[in-house]
Amino acid sequence: MPYGIGAGGLMGIALEATAGTYVAPTKYVPFTSESLHIVEDTQWRRPIRESADVIGAVPGNEHGEGDIEMEALEDIIPYFLYCGRTSIVKGGTTPNFTYTVTPTAAAVPTGTMSITIKRSDQIFGYTGCVVGSFRFGINNGVLTFGVSVIARSEAVQPSPSAAWPTTVPYGAGTYSVEVPTGSPVLDTDTFEWTVEDNAEAQFRLKDTGRGADFVKFGERDVTFTMNRDFITRADYDLFKSITSQSITLEAAKGVNNSISLLTPISFKETYEVGLSGQGDLNVANIGYRASIDGTGKSYQITIATQEDITV
């Protein structure tokens, strides 16, 4: 049998006390896909020396990168957001906690994590992992969460033994959409919300390995799209007049199990209305872009959960 053929895998995460130093998993993540891999900037030597071929290779810088897709679970999302360009305020007492997440203008993250992945029977340990962008979506009624990760380096680790969470995903019938905030709407059938911080691995001259020294952020874009039934021109006219709105989406399974997404100031940047066939619904595909409010935040995420995270 060819080596490498097998089934199964797992993903474990842990917040790092020291950035770039591997920590064994403290939380295990049910995920739907991942593409983490190591990027090597190998320098292929082609000096002029009577040869048309590559003469050899010199090691260049290396870092990890890739995407992870998963169900949006309130006890897992805060771990990833702690390693983004965010400020998180934890409130509540055992067993019910709230995590209020707002963006910052920091150039570097306040935290990093180790991500351990078992692919069949092989273990990969990515260190110094930073969330450069994240996104929420709804797929066939299920709330989903995805992150784009940049890692400083990689290390081979022993196989972990998973303790899987029992958290139930958010499905159909758990959503409330308000446009503007405080005014529920019932004509939305798709929703996708993205925060892009344009993260980039940074390298410095050193004698301590080839991995990235840290990860920096760039300009931020907060965008989202939704489809709505086009009933009147009122919302379309707000698009043409560049009028801002506060928009909220909340997914709730109970008082202490919820995820709320808020953009206090949102402008429609695209508004497409068209008929696909005779007698078809008139549907609007709307794209939004968020800007900062009077407190300097372009979004806020509020998570209610029984997960107690100590940073």
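## Basis of the description

The model is predicted, and local features need pLDDT of at least 70, side-chain atom pairs count only at pLDDT 80 or more, and totals for chains, interfaces and linings use all residues. Residues are numbered from 1 along each chain as its sequence is written, and side-chain values use heavy atoms, with hydrogens and water left out.

## Overall make-up

The chain contains 2 helices and 23 strands. Here helices (H or I, at least four residues) and strands (E, at least two) are DSSP runs, numbered from the N terminus. Along the principal axes, the C-alpha atoms fill a box of roughly 70 × 55 × 50 Å.

Of the 311 residues of the chain, 41% count as buried. Buried means under 20% relative accessible area, exposed means over 50%, and partly exposed lies in between (1.4 Å probe, protein chains only). Contact means heavy atoms within 4.5 Å. Among contacts between residues at least 6 apart in sequence, 68% join residues at least 24 apart.

## Strand pairing around S16

Two strands are said to pair if DSSP finds at least two bridges between them. Strand S16 (188-196) is joined to strand S11 (residues 122-139) by 5 bridges, and the two run antiparallel. In this pairing, Arg135 stands opposite Thr194 in S16.

S16 also pairs with strand S19 (residues 221-229) in the antiparallel sense, over 8 bridges. There, Val195 stands opposite Val222 in S19.

## Strands S14, S20 and S21

Strand S20 (residues 245-254) pairs with S14 in the antiparallel sense over 4 bridges, and Ala251 in S20 is the bridge partner of Tyr175. S20 pairs with S21 as well, again in the antiparallel sense and over 8 bridges. Leu249 stands opposite Leu261 in S21, and S20 and S21 form a hairpin with 2 residues between them.

Ser260 is found in strand S21 (residues 257-274). Ser260 counts as buried because its relative accessibility is 16%. Leaving aside neighbours within four places in sequence, Ser260 is in contact with Thr248, Leu249, Glu250, Gln300, Ile301 and Thr302.

## Ile77 in helix H1

Ile77 is placed in helix H1 (residues 77-81). With 0% relative accessibility, Ile77 counts as buried. Not counting residues up to four places away in sequence, Ile77 touches Ala72, Phe136, Phe145, Ile259 and Ile303. The C-alpha atoms of Ile77 and Phe145 are separated by 7.9 Å, although these residues are 68 apart along the chain.

## Aromatic pairs

A search of the whole structure finds 17 aromatic pairs. Rings of Phe, Tyr and Trp (its six-membered ring) pair if their centres lie within 6.5 Å; planes under 30 degrees apart count as stacked, over 60 as edge-to-face and the rest as tilted. The pair of Phe134 and Trp193 is tilted, because the ring centres are 6.4 Å apart and the planes stand at 50°. Phe134 lies in strand S11 and Trp193 in strand S16, so the pair ties together parts that are 59 residues apart in sequence. Both Phe134 and Trp193 are buried.

Phe230 and Tyr236 form an edge-to-face pair, 6.5 Å centre to centre with 80° between the planes. Phe230 is buried, with a relative accessible area of 18%, whereas Tyr236 is partly exposed, with 21%. One aromatic cluster is formed by Phe80, Phe134, Phe136, Phe145, Trp193 and Tyr299.

## The largest pocket

About 310 Å³ of space lies in the largest pocket. Its centre is closest to Ile138, Tyr175, Val177, Thr188 and Asp189, out of 15 lining residues. On a 1 Å grid over the protein atoms alone, a pocket is an open set of points where a 1.4 Å probe fits, with protein on both sides within 12 Å along at least five of seven lines; lining residues have an atom within 4 Å of a point. Grid points are joined across faces, edges and corners, and a volume is the space filled by probe spheres set on the points.

Strand S14 (175-178), strand S15 (184-185) and strand S16 (188-196) each supply at least two residues of the lining. S16 gives the most, with 4 residues. By class, the lining has 8 nonpolar, 5 polar and 2 charged residues. In this count, Ala, Val, Leu, Ile, Met, Phe, Trp, Tyr, Cys and Pro are nonpolar, Asp, Glu, Lys and Arg are charged, and the others, Gly among them, are polar.
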